[in-house]
Amino acid sequence: MSTPPTRRHALRALCALLMPFSVRAMAAANDPSENAADCVIPAKAGGGFALTCALARDALQAVRPARPPLTQRYLPGGIGAVAFDRVATGKLGGPGTLVAFSSGSLLNLAQGRFGPHSPSAVRWIATLGTDYGVIAVHRDSPYKRLQDLVAALRQDPSRIAFGAGGTVGSQDWVKAALLVRAAGRDHKAMRFVSFEGGGDALGAMQGKHVDVFPGDAAEALQAIAGGAAVRLLAVLSDKRLGGALTGVPTAREQGIDLVWPTVRGLYLSADVPEAAVRAWVAAFGEASAAPGYAALREQHGLYPFALTGAALDDYVQAQIKAYRRLADELGLRRWPS
């Protein structure tokens, strides 16, 4: 018995209606940027890596509200060294695992501090924006201006304790070293207390265990918003910044030629399929081009700097070369990578 024409036509119409949804469902299933994923924070809470993952989560949700929010995972150790090594050696990774990085990560890579791994051991996905270094002190500090701190460093740099994320050779250490050198003293004479991230360092400054925080603006502003007693002496940008940093003078304005941008972004394992890399690059390209992204980026304390794909690869290579020259200038040891 043949199917009545009306019923046959209805079935064909239903199949035609459902097919586009099936195709989209299959595409979403093969696109890691549409599915549950992790953003690894390679430090303790309260620092710039956590801010990066929070911005990545919010930016993706703004353009793809149906996707599950990025899960944030902490993996402290060497300010990114443990996470990078695990991804580079295949112990951590997959299409659904993003890892936060910063300019400090590239500085450590340039010195071989992330193990025997080259920059090509991971896939650089996107930068979300740039932060800038700051020189900060406790609100009760006797140093009211950057010139006051520089004058004290000229007298005896060993009497002032800098505290920030990372060890000797980290980007926060480099900022402190360059400030001491600008004061006309040997940077090897300074005192530097190492912490596993900016959050811990700011906490130590709250307890007055260290005197100066040569960290980043976004994490300092986050602490201030939470009630921390912090005074910003200078921002390490080439010109005055707006927003919450309106009114904070640059180091250059105060006679110290020190500029330190801190780019923030994400990388992925080099072992993932090329299609997964393209999917994430497209997802963050879409997110950073969305009309509301600028306001979202500013909410997280960052300034414009969006790169993906080949442009980001070229930037990473250029920065690593520049950081190697700086490491040699400061007499830092470089391990082969």
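Analyst: Contact here means heavy atoms within 4.5 Å. Helices (H or I, at least four residues) and strands (E, at least two) are DSSP runs, numbered from the N terminus. This is a predicted model, in which local features need pLDDT of at least 70 and side-chain atom pairs count only at pLDDT 80 or more, while totals for chains, interfaces and linings use all residues. Residues are numbered from 1 along each chain as its sequence is written, and side-chain values use heavy atoms, with hydrogens and water left out.

User: Which residues of α11 does α4 meet?

Analyst: From the α4 side, the contact is made by Ser103, Leu106, Leu107, Leu109 and Ala110. The residues of this contact divide into 8 nonpolar, 2 polar and 1 charged, where Ala, Val, Leu, Ile, Met, Phe, Trp, Tyr, Cys and Pro count as nonpolar, Asp, Glu, Lys and Arg as charged, and the others, Gly among them, as polar.

User: How is α4 set against α11, parallel or oblique?

Analyst: Helix α4 (residues 103-110) and helix α11 (residues 309-329) pack with their axes 8 Å apart and at an angle of about 60°, the axes being lines fitted to C-alpha atoms over the stretch in contact, with angles running from 0 to 180 degrees between N-to-C directions. Angles under 35 degrees count as roughly parallel, over 145 as roughly antiparallel, 65 to 115 as roughly perpendicular and the rest as oblique. The angle of about 60° therefore makes α4, relative to α11, oblique.

User: Which element gives the most to the lining of the largest cavity?

Analyst: On a 1 Å grid over the protein atoms alone, a cavity is a set of points where a 1.4 Å probe fits but cannot get out, a pocket is an open set with protein on both sides within 12 Å along at least five of seven lines, and lining residues have an atom within 4 Å of a point. The largest cavity is lined by 19 residues, with Phe49, Ile79, Ser102, Gln171 and Asp172 nearest its centre, and two or more lining residues come from each of α2 (48-63), α4 and α6 (171-182). By class, this lining has 3 nonpolar, 12 polar and 4 charged residues. The element that gives the most, with 3 residues, is α4.

User: How many charged residues are in the lining of the second largest cavity?

Analyst: Among the residues lining the second largest cavity are Ala59, Leu128, Phe284 and Thr308, and α9 (274-289) gives the most, with 4 residues. By class, this lining has 8 nonpolar and 4 polar residues, and the number of charged residues is none.

User: What volume does the largest pocket have?

Analyst: A volume is the space filled by probe spheres set on the grid points, which are joined across faces, edges and corners. Of the 17 residues that line the largest pocket, Val259, Trp260, Pro261, Gln319 and Tyr323 are the closest to its centre, and α11 gives the most to the lining, with 5 residues. The lining divides into 13 nonpolar, 3 polar and 1 charged. The volume of the largest pocket is about 330 Å³.
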